[in-house]
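Hi everyone, thanks for making time.

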Amino acid sequence: MSLAIEIVEVGPRDGLQNESAVLSAEDRVEFITRLEAAGVRRVEAVSFVNPKRVPQMAGAEEIMAALPTDLTRSRIGLALNLRGWERAVAAGCDEVNAVVSASEGFGVRNQGAPVAAQLKAMREIAENNAGLPMGPKLSLTISVAFGDPFDGEVPERAVVEIVRRAADAGYQEIALGDTIGAADPWTVRRRVEACREAAPHARLRMHFHDTRKTGLANAFAAVEAGVDVLDASCGGIGGCPFAPRATGNIATEDLVYMLERAGFSTGLDLDALIRTAEWLEGPLGKPVPSGLRRAGRFPSASA
Ligand code: ZN
């Protein structure tokens with residue numbers, strides 16, 4: 001068997017956004033370049049948010065301009081509203097990822113807007129994007145889809161309703177984001193099934209943080225439930241500055257190791273990913289949390 005699983009690399013955006021070190025534009029471009037050399041086809045490269053709120057993400061236009069045109073890759077820009085979408089289009093992003101919170105508490109603190117306003121922005125982005133002859137691809141991430149650090153439990157019906165509305169608005173790929181690492185594998189399976197029922201033609205992507213060490217188990221559950229696209233960050237860096245004590249995404253190299261050892265193909269070069277995680281420790285000034293960076297692959301390349 002060689003089922004393909006697509007991995008969307010989110011380290012340059014979701015990862016770096018929560019690191020206290022603010023990387024230079026050169027280092028961010030080098031990070032993306034190394035990831036693409038390791039086989040990454042879709043990378044969350046930049047975020048079009050207010051640099052006063054998220055200084056780590058300043059200079060999105062500069063980063064996009066520095067990346068050589070490559071029609072085989074997709075550089076994703078995150079946009080929280082129509083203004084962000086306009087900037088992403090102008091900067092030449094191949095894909096724009098919109099975000100809607102599944103719950104008010106996180107929504108207001110993270111995106112500075114209630115959920116109803118976020119849903120309106122989601123529709124506006126889709127409508128405007130549909131008006132472009134060669135517009136970027138659109139995807140949506142539903143944040144705090146398994147738990148909100150301020151409001152607590154997030155009911156499945158809240159997530160399913162957003163999925164339904166997103167599919168109606170024309171989003172063909174919808175991600176459930178476990179922003180604070182609250183999910184368990186069995187809940188993941190039930191939510192995947194419920195969302196698929198609500199939007200049978202949309203592709204479901206999953207976005208797990210490893211805050212409570214359930215990240216890889218959740219990824220397993222998602223793949224078992226038929227999901228074939230997952231977010232991960234090289235080195236396992238990341239979190240969210242607006243989610244207290246959130247930690248990184250599942251590490252790309254740990255996910256690649258788990259999947260490829262089981263016979264799935266990801267198209268990624270594990271050794272190059274581990275080297276990239278090692279390189280990243282320089283600009284970050286600290287070790288990264290991934291297991292493969294610490295323990296190496298098995299069997300080792302020399303064995
Ligand atoms: Zn995240």
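Let me start with a question: is glutamate 19 buried or exposed? Glutamate 19 is buried, with a relative accessible area of 7%. By that I mean under 20% relative accessible area for buried, over 50% for exposed, and partly exposed in between, with a 1.4 Å probe and protein chains only.

A quick word on the ground rules. This is a predicted model, where local features need pLDDT of at least 70 and side-chain atom pairs count only at pLDDT 80 or more, while totals for chains, interfaces and linings use all residues. Residues are numbered from 1 along each chain as its sequence is written, and side-chain values use heavy atoms, with hydrogens and water left out.

Back to glutamate 19. Its side chain meets that of lysine 286 in a salt bridge, at 2.8 Å from N to O. The pair links distant parts of the chain, 267 residues apart: glutamate 19 sits in the loop between α1 and α2, and lysine 286 in the loop between α11 and α12. Lysine 286 is partly exposed, at 39%. A salt bridge here is a side-chain nitrogen of Lys or Arg within 4 Å of a carboxyl oxygen of Asp or Glu, and by this rule the count comes to 23. Helices (H or I, at least four residues) and strands (E, at least two) are DSSP runs, numbered from the N terminus.

Now for a second pair. Glutamate 173 and arginine 42 also form a salt bridge, again with 2.8 Å from N to O. Glutamate 173 counts as buried at 6%, and arginine 42 counts as buried at 4%. Both belong to a network of salt bridges that links Glu6, Arg42, Glu95, Glu173, Arg203, Arg205, Asp228 and Asp231.

For contrast, look at helix α7. Glutamate 161 and arginine 165 lie 4 residues apart there, about one turn of the helix, and their side chains form a salt bridge at 3.0 Å.

What about the nonpolar side? The largest nonpolar core has 90 residues, and those with the most contacts inside it are Leu140, Ile142, Tyr171 and Met206. Such a core is a set of buried Ala, Val, Leu, Ile, Met, Phe, Trp, Tyr and Cys residues joined through side-chain atoms within 4.5 Å. Leucine 140 touches Tyr171, and also Glu173 and Arg205, among others; contact means heavy atoms within 4.5 Å.

On a 1 Å grid over the protein atoms alone, a cavity is a set of points where a 1.4 Å probe fits but cannot get out; a pocket is an open set with protein on both sides within 12 Å along at least five of seven lines; and lining residues have an atom within 4 Å of a point. The search finds 1 cavity of 30 Å³ or more, and its lining includes Arg42, Glu95 and Arg205, which are also in the salt-bridge network.

The largest pocket holds about 540 Å³, a volume being the space filled by probe spheres set on grid points joined across faces, edges and corners. Of its 36 lining residues, Val49, Leu78, Leu80, Asn110 and Gln111 are the closest to its centre. The second largest pocket holds about 350 Å³.

Conventions: Lists of a residue's contacts leave out its neighbours within four places in sequence.
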